Structure formats: C-alpha cells, structure tokens
Amino acid sequence: MAKKTEVTVEEKLRALYDLQLIDSRIDEIRSVRGELPLEVEDLEDEVAGLNKRLEKMTSDLESIDFEIKEKKNKIEESNSSIKKYSEQQKNVRNNREFNALSKEVEFQELEIELAEKHIREYKAQIEQKNEIINQTKERLAERESHLTHKKNELDDILKETEKEEVALIKKSEEYEKNIEDRLVKAYKRIRENVKNGLAVVPIERGASGGSFFTIPPQVQMEIAGRKKIITDEHSGRILVDEQLANEQKEKMHELFDGISA
C-alpha cells in the first residue's frame, strides 16, 4: 500500500497564501460594487413605500367622495322633509301640531347646515390630499428614475465581474479542500476579525503586511525557514516570508488572467 505523502509546513503556507490571494481578489470585485446593492435595495423599498402611500391616499379620496355623496343625499332628503312638513303646516288643526312641525323643519335645516359643513371640510381634505399626492408623484418619479440609473449601473458592474467572481468562489472552495480543516477554520476566523480580510500576510520592511509593529529578526528568520506556522502577536495574522508571497502572487496572477480572459 502506497504511503501517504506528508504535507510540509511550507506547502501549507503556500496553500494558505494562495487561498488568501483568491479571497482577496473576490473582496476586490465585491468592493467595486461597493454600496450599490444596498442603495438599489433602499431605493426599491422607498419606491414601494411611495406607491403604497399613493394607493392609501387614492383610497382615502374615494372614501371622501363617497362621504360627500352621502351628505348630498342627506341634504336632498332633508329638503324633501322640509317641503313635506311645510305642506303639512297648512293643514294643522292647532298650534301644538304647527309647533311640532316647525321643530321638525328646524331640525332638518340644522341637518342641512351640518351636512354642508362636512362637505366643505371634505373638500378641504381633498385639496390637501391632492397636493400631497402631486408631491408624492413627483418624488416617486424622481426616485424611480434614480433607481433605474442605479440598477443599470449595478447590472453593468455585475456583467463585468459576475463570471470572474463565480469562478473565483469555485476556486476558493477547491483550494480549501486541499487544506486541513483546522487551518481553514483558523484562517476564516482571522479573516472575520480583521478589517481588510487579510488573514495571511507577508513580511514587508521588517513588519507584517499592513502593520507598523516590527517583527524581531529571530522571528523573521523562523518565518523564512518555513518550518512552522507563525502568527503576528499583535494582529493574530498568519505570517509568510516575502519571497514565498511573491512566488505565489506570480502564480495567482496567471490564474486570475486566465479566469478574467
């Protein structure tokens, strides 16, 4: 039975840095989109909200129109009642009946006044709501235009980068399978805890990439020896020597060029 080949620390470091370069490229592609997806989502929510508001205002206008018709019908009914009571007053037999009918007439007149007052109030509401509707429509048209522009902008970026991003995600998953689980978990944990997503960084001018903390010469020699995995005591990042980093960058550039071609 063939003996299983032992993976050296150097091979592990190269694999981790390759994975980092791939994931960093994915990060770059996503940063090009920036806040656009969120902007589009916010605009879609705003447009939906404005449309809902217009629907509500239109429904309110229909309800007010119905109320106005009801009040006009009430006025007609009251006028008919007044006419009826006035005719009856001509045939009354005593003052008590006449006064009773007079009170009915007075009541109907008050009903007419109240209905007319309500109609004036409803018409004022209609005027106010129409003004708000016009303002909302203007705002909606402006937001829809802005949404269309942002969607087109996002679509253009997606067309340029989607194919590359999908291919790189697939590559990232393939590379992960070639690295032992504990290292992948450590790598992902570090990536989540650092702002720029760099979990594996090279030594640059005596310090870990992106850091101002100098690494002692003895530690630098150990990193260059590639005999064990060493992390930066300040950031927790996995450290690789500059030569290894440059070699892997050159290799990955060829991969990236092939994917984006």
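## The largest pocket

The largest pocket of this predicted model has a volume of about 320 Å³. Here a pocket is an open set of points on a 1 Å grid over the protein atoms alone, where a 1.4 Å probe fits, with protein on both sides within 12 Å along at least five of seven lines; its volume is the space filled by probe spheres set on the points. Of its 19 lining residues (those with an atom within 4 Å of a point), Tyr17, Leu21, Ser24, Leu198 and Lys249 are the closest to the centre.

Helix 1, strand 1 (200-204) and helix 6 (242-260) each give two or more residues to this lining, and helix 1 has the largest share with 7 residues. Helices (H or I, at least four residues) and strands (E, at least two) are DSSP runs, numbered from the N terminus.

## Helix 1

Helix 1 covers residues 9-33, and its 25 residues should span 36 Å at 1.5 Å a residue, taking 1.5 Å times one less than the number of residues. The end C-alpha atoms are 37 Å apart, which agrees. After helix 1 comes glycine 34, with a positive phi near 55 degrees.

## Glutamine 108

Glutamine 108 sits in helix 3 (residues 95-177) and counts as buried because its relative accessibility is 8% (buried means under 20%, with a 1.4 Å probe and protein chains only). Leaving aside neighbours within four places in sequence, glutamine 108 is in contact with Ser78, Ser81, Ile82 and Tyr85 (heavy atoms within 4.5 Å).

## Reading notes

Residues are numbered from 1 along each chain as its sequence is written, and side-chain values use heavy atoms, leaving out hydrogens and water. Local features need pLDDT of at least 70 and side-chain atom pairs count only at pLDDT 80 or more, while totals for chains, interfaces and linings use all residues.

Note on methods. Buried < 20%, exposed > 50% of the residue type's maximum accessible area, 1.4 Å probe, protein only.
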